[in-house]
Amino acid sequence: MDAITAVGLASSIVQLLDFGGEVVKRLREFTSRTGDVPQTFREASNGLGLLVNSIRIIQKDLEENTVDDKTKAALFPVIQGCTEQAELLNKILKDTLPAP
């Protein structure tokens, strides 16, 4: 894997963690104010929480250089796709849930 792709992967991971954390935070704030969220949002929050934890483990392994180049190359489009979905979910939540 070339250096540019490796930097892109690292950047995508940071971006995914940012968006994922923002979505989870938004859902937690809404839940604490209202006492409940729709089932779909609750499932999304649980799934996203698991994804964020998994990505943090991958990020640590990448920083420790324990991931081979083939795996890094395979991760890149997956991370980008997850980031796009997290961005979309964040937008939906902004449009759907009332502001704090």
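**Close-up 1. E22, at 32% relative accessibility, counts as partly exposed.** Here "buried" means under 20% relative accessible area, "exposed" over 50%, and "partly exposed" anything in between, using a 1.4 Å probe and protein chains only. What you're looking at is a predicted model, so local features need pLDDT of at least 70 and side-chain atom pairs pLDDT 80 or more, while totals for chains, interfaces and linings use all residues. Residues are numbered from 1 along each chain as its sequence is written, and side-chain values use heavy atoms, leaving out hydrogens and water. The partner of E22 in this view is K94: the two form a salt bridge, with their closest N and O atoms 4.0 Å apart (a side-chain nitrogen of Lys or Arg within 4 Å of a carboxyl oxygen of Asp or Glu). Because E22 sits in helix α1 (residues 3-34) and K94 in helix α3, the pair ties together parts that are 72 residues apart in sequence. K94 is partly exposed too, with a relative accessible area of 47%. Zoom out a touch and R26 joins in: E22, R26 and K94 are linked in a network of salt bridges.

**Close-up 2. K91 pairs with D95 in a salt bridge.** The closest N and O atoms of K91 and D95 are 2.9 Å apart. Both residues belong to helix α3, four residues apart, or about one turn of the helix. D95 counts as exposed, at 56% relative accessibility. As a reminder, an α-helix has 3.6 residues a turn, so residues three or four places apart point the same way. A search of the whole structure turns up five salt bridges.

**Close-up 3. Helix α2 covers residues 39-63.** Its 25 residues reach 36 Å from first C-alpha to last, close to the 36 Å expected at 1.5 Å a residue (that is, 1.5 Å times one less than the number of residues). F41, S45, L48, V52, I55 and L62 of α2 are buried.

**Close-up 4. Helices α2 and α3 (residues 69-96) cross at roughly 145°.** Their axes come within 12 Å (lines fitted to C-alpha atoms over the stretch in contact, with angles from 0 to 180 degrees between N-to-C directions). From α2, the contact uses F41, A44, L48, L51, I55, I58 and L62, and from α3 it uses K72, L75, I79, C82, L89, I92, L93 and T96 (contact: heavy atoms within 4.5 Å). By class, that's 13 nonpolar residues, one polar and one charged (Ala, Val, Leu, Ile, Met, Phe, Trp, Tyr, Cys and Pro are nonpolar; Asp, Glu, Lys and Arg charged; the others, Gly among them, polar).

**Close-up 5. Stepping back, the chain has three helices and zero strands.** The C-alpha trace spans about 45 × 20 × 20 Å along its principal axes. Of the 100 residues, 29% count as buried. Among contacts between residues at least 6 apart in sequence, 84% join residues at least 24 apart.

Technical notes:
Helix = DSSP H or I, 4+ residues; strand = E, 2+ residues; numbered from the N terminus.
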